[in-house]
Amino acid sequence: MALAIAFYLLAAVTVGAGFGVVSSRNPVHSVLFLILSFFSAAGLFVTMGAEFLAMLLVVVYVGAVAVLFLFVVMMLDVDFAALRQGFARYMPLGGLVAGILAVEMIVVATAAATGGVPKADGPQVHTDASNIETIGRVLYTDYVYFFQAAGLVLLVAMIGAIVLTLRHKPGVRRQSIVDQVARTPKTGMRVVQIKPGQGIEQ
């Protein structure tokens, strides 16, 4: 009973948070809703007994949200002074998201402690392997090509984000690796004779 309540609660919050991500016009609100949806999905993984996937979802994707928000700020050229002044406006929504996350963690912990992990309806493979080892075997054998394709997609996305956010500003000295490697003692050092009371002319 407790697992069923936790499942329906987390599923409803996940769907609602996902709708909030795509419907919010403010990027800060979208990021908060996205974090809420990730935590809710992680709670669903915990109720299914996949605690390793839940940990990955929280550690990896919530950290990736911070990087995503950084790229959004860089691309939109947001005024940081105005963002700091409007910090109080985001406090109610941030407090609401934090409260929902706290309630979800309590519900999931209570359901896992009292109801345990639900049994699957399909055939089960009884093995002594841990959760992490089982996921690794399936991921790197049956789904290895999909895993590599996902890596290539993420690589293309990373390169695209770098290209979109890279700006060359005039007057800024940039590093030239070719010139640094090609330096010799004659070009990299200059011996001067300094007379007393005089400085070095640039």
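Please keep in mind as we go that the model is predicted.

With that starting point in hand, step back to the whole chain. Nine helices and zero strands are found here, and reading along the sequence gives the pattern α-α-α-α-α-α-α-α-α. Of the 202 residues in the chain, 19% are buried. Contacts across the sequence are worth a look too: among those between residues at least 6 apart, 68% join residues at least 24 apart.

Now for the aromatic rings. How many aromatic pairs does the chain hold? The count comes to three. One of them joins F7 and Y8, whose ring centres lie 5.5 Å apart with 70° between the planes, an edge-to-face arrangement. F7 is partly exposed because its relative accessible area is 42%, between the limits of 20% and 50%. Y8 reaches 60%, which is over 50%, so Y8 is exposed. Another pair brings us back to Y143: its ring and that of F146 have centres 6.3 Å apart and planes at 50°, and the pair is therefore tilted, as the angle falls between 30 and 60 degrees.

Next, follow helix α2. Its 21 residues reach 31 Å from the first C-alpha to the last, close to the 30 Å expected at 1.5 Å a residue. This helix is mostly covered, with 15 of its 21 residues buried. S37 sits in α2. Is S37 buried or exposed? S37 is buried, because its relative accessible area of 10% is under the 20% limit. Setting aside neighbours within four places in sequence, S37 has contacts with T14, A17 and G18. Just after α2 comes G49, which takes a positive phi of about 90°.

Helix α2 also leads us to the largest pocket. This pocket holds about 860 Å³ of space. Its lining is made of 26 residues, and the closest to the pocket centre are V60, Y61, A64, A150 and L154. Which elements give two or more residues to this lining? They are α2 (27-47), α3 (51-76), α6 (131-139) and α7 (144-165). The largest share comes from α3, which supplies eleven residues. By class, 24 of the lining residues are nonpolar and two are polar, with no charged residues.

To draw the walk together, picture a chain of nine helices and zero strands. Within it, α2 is a mostly covered helix that carries the buried S37 and belongs to the elements lining the largest pocket. In that lining, α3 gives the largest share, and the classes run to 24 nonpolar, two polar and no charged residues.

Key
Residues numbered from 1 in each chain as written. Predicted model: local features only at pLDDT ≥ 70, side-chain atom pairs only at ≥ 80, totals over all residues. Heavy atoms only, no water. 1 Å grid on protein atoms, 1.4 Å probe; cavity = no way out; pocket = protein on both sides within 12 Å on 5 of 7 lines; lining within 4 Å. Points joined across faces, edges and corners; volume = space filled by probe spheres on them. Helix = DSSP H or I, 4+ residues; strand = E, 2+ residues; numbered from the N terminus. Nonpolar A, V, L, I, M, F, W, Y, C, P; charged D, E, K, R; others polar. Buried < 20%, exposed > 50% of the residue type's maximum accessible area, 1.4 Å probe, protein only. Contact = heavy atoms within 4.5 Å. Phe/Tyr/Trp six-rings, centres within 6.5 Å; stacked < 30°, edge-to-face > 60°. Expected span 1.5 Å × (residues − 1).
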